[in-house]
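This briefing goes through one protein model by topic. Please keep the sequence and the 3D view open while reading.

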Amino acid sequence: MKTIQVSLNSIDKVKNFVNDLNRFNCDFDLVSGRYVIDAKSILGIFSLDLSSPIDLMIHADGDQLEEVLQVLSKYEI
């Protein structure tokens with residue numbers, strides 16, 4: 001498991017982010033304050049405060065983790 005900070009400050013960015021996550025067969029959680037939501041849920045993401053960076057917990061390891069990090073680098077802060 002690895003945690004990174006991501007910025008999802010536009011509707012198009014959220015849509016592309018969810019589409020990118022759905023390519024992988026592992027779990028992702030977004031943590032904002034005391035809220036933890038499934039990062040593959042577009043409605044869940046819109047329930048968060050998107051004006052500040054959000055922690056993304058990636059539940060993957062090894063080669064899959066490296067591939068996930070490469071794809072998500074455009075959202076990482």
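**Helix α3 and its packing**

The buried residues of α3 pack against β1, α1, β2 and β4. The model is a predicted one.

- Helix α3 lies across β1, β2 (27-32) and β4, and its direction makes an angle of about 150° with β4.
- The buried residues in α3 are L65, V68, L69, V71 and L72. They sit on the same side of the helix, because the arc they cover around the axis is only 165°.
- An α-helix has 3.6 residues a turn, so residues three or four places apart point the same way.
- Exposed residues D63, E66 and Q70 are carried on the face of α3 turned away from its buried side.
- V71 belongs to α3, which spans residues 62-72. V71 counts as buried because its relative accessibility is 15%, under the 20% cut-off.
- Leaving aside neighbours within four places in sequence, V71 is in contact with D20, R23 and F24. D20 is 51 residues from V71 along the chain, and the C-alpha atoms of the two are separated by 7.2 Å.

*The sheet*

- Which order do the 4 strands take in the open sheet? The order is β1-β4-β2-β3, with antiparallel pairing.
- The edges are formed by β1 and β3 (35-38). Each has a single partner strand, so one side of each is left without a neighbour in the sheet.
- On average, neighbouring strands of this sheet are turned by 30° against each other, direction ignored.
- Strand β4 (residues 54-59) pairs with β1 in the antiparallel sense over 5 bridges. K2 has I58 in β4 as its bridge partner.
- The antiparallel pairing of β4 with β2 also runs over 5 bridges. Here D27 has H59 in β4 as its bridge partner.
- Between β2 and β3 there are 4 bridges, again antiparallel. V31 is bridged to V36 in β3.
- β2 and β3 form a hairpin with 2 residues between them. G33, in the turn, has a positive phi of about 65°.

*The nonpolar core*

- The largest nonpolar core has 26 residues. Those with the most contacts inside this core are F17, F28, L30, L56 and I58.
- At least two residues of this core come from each of β1, α1, β2, β4 and α3. The element that gives the most is α3, with 5 residues.
- Not counting residues up to four places away in sequence, L30 touches V6, L8, F17, Y35, V36, I37, A39, I45, L48, I54, D55 and L56.

*Aromatic pairs*

- How many aromatic pairs does the model hold? The count comes to 2 aromatic pairs.
- In the pair F17 and Y75, the ring centres are 5.2 Å apart and the planes stand at 85°, so this pair is edge-to-face. The cut-off for that class is over 60 degrees.
- F17 lies in helix α1 and Y75 in the segment after α3, so the pair ties together parts that are 58 residues apart in sequence.
- F17 is buried, with a relative accessible area of 0%. Y75 counts as buried at 4% relative accessibility.

*Two loop residues*

- S7 lies in the loop between β1 (2-6) and α1 (11-21). Is S7 buried or exposed? S7 is buried, since its relative accessible area is 17%, under the 20% cut-off.
- Leaving aside neighbours within four places in sequence, S7 is in contact with K13, Y75 and I77.
- L48 is found in the loop between α2 (42-46) and β4. At 10% relative accessibility, L48 counts as buried.
- Leaving aside neighbours within four places in sequence, L48 is in contact with L30, S32, Y35, I37 and I54.
- The C-alpha atoms of L48 and V36 are separated by 9.5 Å, and the two residues are 12 residues apart along the chain.

Notes. Residues are numbered from 1 along each chain as its sequence is written. This is a predicted model: local features need pLDDT of at least 70, side-chain atom pairs count only at pLDDT 80 or more; totals for chains, interfaces and linings use all residues. Side-chain values use heavy atoms; hydrogens and water are left out. Buried means under 20% relative accessible area, exposed over 50%, partly exposed in between (1.4 Å probe, protein chains only). Contact means heavy atoms within 4.5 Å. Rings of Phe, Tyr and Trp (its six-membered ring) pair if their centres lie within 6.5 Å; planes under 30 degrees apart count as stacked, over 60 as edge-to-face and the rest as tilted. Two strands pair if DSSP finds at least two bridges between them. Axes are lines fitted to C-alpha atoms, for helices over the stretch in contact, and angles run from 0 to 180 degrees between N-to-C directions. The arc is that of the directions from the helix axis to the C-beta atoms. A nonpolar core is a set of buried Ala, Val, Leu, Ile, Met, Phe, Trp, Tyr and Cys residues joined through side-chain atoms within 4.5 Å.
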